[in-house]
Amino acid sequence: MTLPRYDYVSQLAIVGNARLRGRDLRAQVIDDPGGAALVRGPDTFEGFALPDGGFEPSFYAWLDGMKARGLVALRVLTDSDPEDWILTTPPPPLPRLPDFVLVFGDRETGYAYRYESGPMGTREFFMPVDIPRRVAVPSVDAAERELLEATRGYVRFLEGKVRHDDSTAVFYEKMGREVLEQLTATEPRFQELLAERRKAQLHQLRKDYKPRSGYTKAMRPGILEQADRVQRMSDFARVMEEAGLSWRTQRLALVSKGLYPLNMRHERTSEDTLPDYVHHPGYIEVGSRLAKAACEGSNAALNASA
């Protein structure tokens, strides 16, 4: 089993902070991280390193132990690297942040995922690491305001600059417009958009799990069950709702996660020709502001408290 880090780590913060507040919340991806696999392999996840040695495989038991030691919050953090926005002679990338940070009254401790494979087999675990730099966590209101203004600036900038025969340019223009639509939606409209998103995800998962050959009707119930299970594993907005977080906090998390405008690192490393607007005067300012606002939005939402 390889841990599904993208879904797993973000939900550690949502569930962990809710449990630290006394809410008995669980998440399927934490309870059964191997649930997306059609064929289960051996369980290679050893768990979370303990201060006195060894590992605790249960996140809930480990969190309770850390709470007894003074843990007050668990943070999942990301940030935008200035190196991504420099085309020629970029500086070295920023040191990697831990997968999550434990906040105690007088200190903070980083934890990072490790995967080791050798003659004795495979190991997966989280262990303490240094925190190379501090990342501020803004309020949901402040992060939402900045992301809204950054998105508006991005959408305005692209007006009249996107060739509609350029699929890459069209994709990133659509990305901005969809984010703007969600950020300006009322609560009923947001719930409609969220339902549409879930329906589309479930439809795609059913297609993904359907065999390309040898499919029979007898397989259908298993495919439907598997698709439903995987969607529940990745649906962190539902977990946020169960944690008591507001619809605006859920919305901020959804629009921030995966919001990556084209940058100069893409231009340096891509084998494809990027849209002309990437080289347009002013794009770096607009694009880098949106990337930074997306990171701040994710930090504010995933680490919010009800």
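Is Arg265 buried, exposed or partly exposed? Select Arg265 and take a look: this residue is partly exposed, with a relative accessible area of 32% (buried means under 20%, exposed over 50%, partly exposed in between, using a 1.4 Å probe and protein chains only).

Before you click on, note that this is a predicted model, where local features need pLDDT of at least 70 and side-chain atom pairs count only at pLDDT 80 or more, while totals for chains, interfaces and linings use all residues. Residues are numbered from 1 along each chain as its sequence is written, and side-chain values use heavy atoms, with hydrogens and water left out.

Arg265 forms a salt bridge with Asp84, and their closest N and O atoms are 2.9 Å apart (a salt bridge is a side-chain nitrogen of Lys or Arg within 4 Å of a carboxyl oxygen of Asp or Glu). Arg265 sits in helix H10 (264-269) and Asp84 in the loop between strands E3 (71-75) and E4 (100-104), so the pair ties together parts 181 residues apart in sequence. Helices (H or I, at least four residues) and strands (E, at least two) are DSSP runs, numbered from the N terminus. Asp84 itself is buried, at 14%.

Next, pick Lys292 and Glu296. Their salt bridge has its closest N and O atoms 2.5 Å apart. Both lie in helix H11 (283-302), four residues apart, about one turn of the helix.
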